[in-house]
Amino acid sequence: MPTRDLSRQLSEISIETTVPETGPVPSDLSFLDLVDICDNVHLPQKAESTKPFDSEQLIPLYLNQSLDSPVIGLLRPVIIEQLKQDNERSTRLGLPEVWNLSIGLVGYRVLKNGTLGPSVSFRDGFDTPSKRTTALKEICERWRDTGLFEDVCGPKKWRNEMYPVYADPFGPHDYPDGKINETKLNYAFEMERSACALFGVVTYGVHMSIYEEIESDAGERSVRVWVPTRARTKPTWPGYLDNTVAGGIPAGMSPFESLVKECMEEASIEEHIVRKHALATGAISYFFRTVKGWLQPEVEYVYDIIIPRDADPAAFQPKPLDGEVESFELLTQDEILQKLRAGLFKPNCAMVLIDLFIRLGYITPDNESNYMQIVTRLHGQFNYDRW
């Protein structure tokens with residue numbers, strides 16, 4: 001059966017728009033443009049780049065002071081200055097310093113990327129996940145209460161949700177259970193969700209599309225997808241279009257259990273429906289830098305629910321529940337493409353839809369000239385070997 005040529009459809013739609021949280025965007029966004037908006041950090045940064053913040057030196061954050069320590073994040077200069085002040089505060093109060101700041105030329109080390117350069121790590125006294133979690137909790141809450149980074153983790157941005165940070169961002173999602181020594185785990189610590197971008201650590205989420213495929217009288221396939229509009233009161237991306245269900249993976253919860261939780265909380269989809277029909281289809285990963293320069297390397301585990309032809313569609317119809325979603329619409333393929341082109345989707349949600357269209361055979365090497373660029377960029381590794 002033939003499929004709709006999405007790349008040709010996309011080129012035929014023209015809408016003018018701007019995307020405030022990413023800055024102005026063209027009105028004729030291609031699939032590759034949409035990927036570029038979301039996956040917009042490339043290392044090493046080029047000195048001659050005209051992109052904002054590309055001239056900043058990013059300092060790797062190591063888990064500990066040992067030479068074989070893993071890198072867990074990237075720090076901007078403004079954060080380095082705050083960590084210096086944090087150490088000075090600890091000294092004044094007679095508390096142990098949290099940070100080993102090897103930022104002077106004498107203190108340079110051979111980095112994981114093979115070059116000699118500055119670095120930051122937890123001091124050796126903070127040698128367990130529990131100690132690191134406690135230290136970061138105090139620091140982030142103090143920054144919140146003093147309004148230091150109000151646009152990131154201030155009272156209005158604070159999520160009160162803990163995200164896990166792993167020694168190996170591509171390793172297992174384990175968690176202390178009292179049975180295994182916590183220092184033997186990939187789990188390194190956890191921290192307030194809204195503050196993760198300050199430390200450039202990798203975060204994780206789940207995104208799911210609930211859709212149905214339909215066939216015209218001519219035998220041409222197309223797809224309709226349930227698409228929510230994010231609540232105007234959301235602290236991030238208010239009013240943007242999203243994937244049917246999406247949310248972060250909190251510390252101590254598996255990806256699938258996070259999905260089950262989000263399905264009920266955001267969309268009123270019953271647990272038995274999710275457990276029976278949700279299919280894990282892979283993951284997307286990208287390195288996003290906000291318009292204010294904060295670093296968000298992210299992994300999103302992707303799931304589908306295909307509405308069975310012989311099922312009651314009402315059981316699969318999402319409905320707002322917890323106030324995070326304003327409304328849901330079952331959008332046609334043409335409507336989705338129009339809104340993608342207009343930049344109306346939250347950037348990572350656009351990536352998930354592009355991944356869906358590739359997997360269903362609507363975007364192919366024959367109808368998309370940038371196919372291989374798009375496919376590889378949907379599954380990046382944040383240039384992690386260059387951190």
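Keep in mind that the model is predicted.

Let me start with the open sheet. Four strands build it, and their order is β2-β1-β6-β3. The pairing is mixed. Which strands stand at the edges? Those are β2, residues 71–75, and β3, residues 99–102. Each has a single partner strand, so one side of each is left without a neighbour in the sheet. From one strand to the next, the twist averages 25°.

Now take β3 and its partner. The partner is β6, residues 119–122. The two run antiparallel and share four bridges. For a landmark, go to L101: its bridge partner in β6 is V120. A helix also packs on this sheet, namely α3, residues 77–92. Helix α3 touches β1 (59–62), β2, β3 and β6. The direction of α3 makes about 125° with that of β3.

Strand β7 covers residues 162–166, and strand β8 covers residues 187–192. They pair in the antiparallel sense, with five bridges. V165 faces F189 of β8 across that pairing.

On to β9, residues 203–215. This strand is mostly covered too: ten of its 13 residues are buried. Which strands does β9 pair with?

First up, β13, residues 295–306. Strands β9 and β13 run parallel, joined by nine bridges. T203 stands opposite E298 there.

Then β11, residues 245–248. With this strand β9 runs antiparallel, over four bridges. Opposite V206 you will find G247 of β11.

Then β10, residues 221–230. That pairing is antiparallel as well, with five bridges. I214 has S222 in β10 as its bridge partner. Strands β9 and β10 form a hairpin, with five residues between them. Look at G219 in the turn: its phi is positive, about 85°.

Now the helices. Find α9, residues 333–341, and α10, residues 347–359. Their axes come within 11 Å. How do they cross? The angle is roughly 140°. Angles over 145 would count as roughly antiparallel. The two helices are therefore oblique to each other. The crossing is left-handed.

What is in the contact? From α9 we have I336, L337 and L340. From α10 we have A350, L353 and F357. By class, that makes six nonpolar residues, no polar ones and no charged ones.

Is D355 buried or exposed? Its relative accessible area is 7%, so D355 is buried. And what does D355 touch, leaving out residues up to four places away in sequence? The contacts are I284, V302, L378 and H379. One of these, V302, lies in the range of β13, residues 295–306. That links us back to the partner that runs parallel to β9.

That is the tour. Questions, please.

Technical notes
Residues are numbered from 1 along each chain as its sequence is written. This is a predicted model: local features need pLDDT of at least 70, side-chain atom pairs count only at pLDDT 80 or more; totals for chains, interfaces and linings use all residues. Side-chain values use heavy atoms; hydrogens and water are left out. Two strands pair if DSSP finds at least two bridges between them. Axes are lines fitted to C-alpha atoms, for helices over the stretch in contact, and angles run from 0 to 180 degrees between N-to-C directions. Angles under 35 degrees count as roughly parallel, over 145 as roughly antiparallel, 65 to 115 as roughly perpendicular and the rest as oblique. A crossing is left-handed if the near helix is turned anticlockwise from the far one by less than a right angle, and right-handed if clockwise. Contact means heavy atoms within 4.5 Å. Ala, Val, Leu, Ile, Met, Phe, Trp, Tyr, Cys and Pro count as nonpolar, Asp, Glu, Lys and Arg as charged, and the others, Gly among them, as polar. Buried means under 20% relative accessible area, exposed over 50%, partly exposed in between (1.4 Å probe, protein chains only).
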